Structures are given as C-alpha cells and as structure tokens.
Amino acid sequence: MYGPALLLPLEVRFMWKRLALLWTVVRGDALALWRALRHPLSPGWLRLAAAGLVLYVLSPVDLIPEFVPFLGVVDDIVLIPLAIRFILGKLPAAVRADIGTKPL
C-alpha cells in the first residue's frame, strides 16, 4: 500500500531529494574535482576543501534553513557549484590541464 520511502523520516527523504538535485547541477564539476583529488600533483589543501564541501552538504546547518520555502534549497544549489568552480580555478595549471578543465 505504501512504498518503503514513506517509512523514512521526512528529514531523510528531503536530504536525498536535495542531494539528487545537487548532483544534477554539479555533475561535471564534481567529476572534475574527483579527478583532481586522485591526481598525483594535486595540492594538499584540495583534500581539505573537498572534505569541507562534503561536510557542508551533509550538515544540517545551512546559511538559509531548509524550512524556508524555496530559499532553503536554493542556497545549496548556488553555493556548492560556486565553491566547486572556485576550488577548480585555484588548482595548478598542470593539474587543470591533466583533468581537462579550462582556467576560470
């Protein structure tokens, strides 16, 4: 009668929807960031920046709370791609060339 998704708490269902929406927005840049993390010449600060991004996405603390209609999700959809682009832009030229990103 009811699907298994309805048995999950509302916060968990909303978190999965938020992550799915974020993935559609940042798919290409996230893959470039993954390739940069695995590159042998990647700087040490890159791992810290990527960990900070993951913590922000999974954290229940946001700049704009999720219960504010529309704006609660928009801040993640805007901030995460901008942060990934900023991080990719700060990579050394050799790493950017190897992973196939253009300088920003």
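**Entry 1: the model.** I am working from a predicted model.

**Entry 2: the largest pocket.** I looked up its volume first. The largest pocket holds about 370 Å³ of space. I then listed its lining and found 15 residues. Nearest the centre lie Trp23, Val26, Ala30, Val54 and Ile84. H1 gives the most, with eight residues. I also sorted the lining by type: 15 nonpolar, no polar and no charged.

**Entry 3: the largest nonpolar core.** I counted 19 residues here. Leu33, Leu46, Ile80, Ile84, Leu88, Leu91 and Ile99 have the most contacts inside the core. H1, H2, H3 and helix H4 (93-99) each supply at least two of its residues. H1 brings the largest share, eight residues. In soluble globular proteins, nonpolar side chains tend to be buried together.

**Entry 4: Ile99.** I set aside neighbours within four places in sequence and checked what Ile99 touches. Its contacts are Ala32, Arg35, Ala36, His39, Leu88 and Leu91.

**Entry 5: the salt bridge.** How many salt bridges are there? I found one. Arg85 pairs with Asp29, and their closest N and O atoms are 2.6 Å apart. Arg85 has a relative accessible area of 40%, so it is partly exposed. Asp29 is at 18%, so it counts as buried, the cut-off being under 20%.

Technical notes:
Residues numbered from 1 in each chain as written. Predicted model: local features only at pLDDT ≥ 70, side-chain atom pairs only at ≥ 80, totals over all residues. Heavy atoms only, no water. 1 Å grid on protein atoms, 1.4 Å probe; cavity = no way out; pocket = protein on both sides within 12 Å on 5 of 7 lines; lining within 4 Å. Points joined across faces, edges and corners; volume = space filled by probe spheres on them. Helix = DSSP H or I, 4+ residues; strand = E, 2+ residues; numbered from the N terminus. Nonpolar A, V, L, I, M, F, W, Y, C, P; charged D, E, K, R; others polar. Core = buried A, V, L, I, M, F, W, Y, C linked by side-chain atoms within 4.5 Å. Buried < 20%, exposed > 50% of the residue type's maximum accessible area, 1.4 Å probe, protein only. Contact = heavy atoms within 4.5 Å. Salt bridge = Lys/Arg side-chain N within 4 Å of Asp/Glu carboxyl O.
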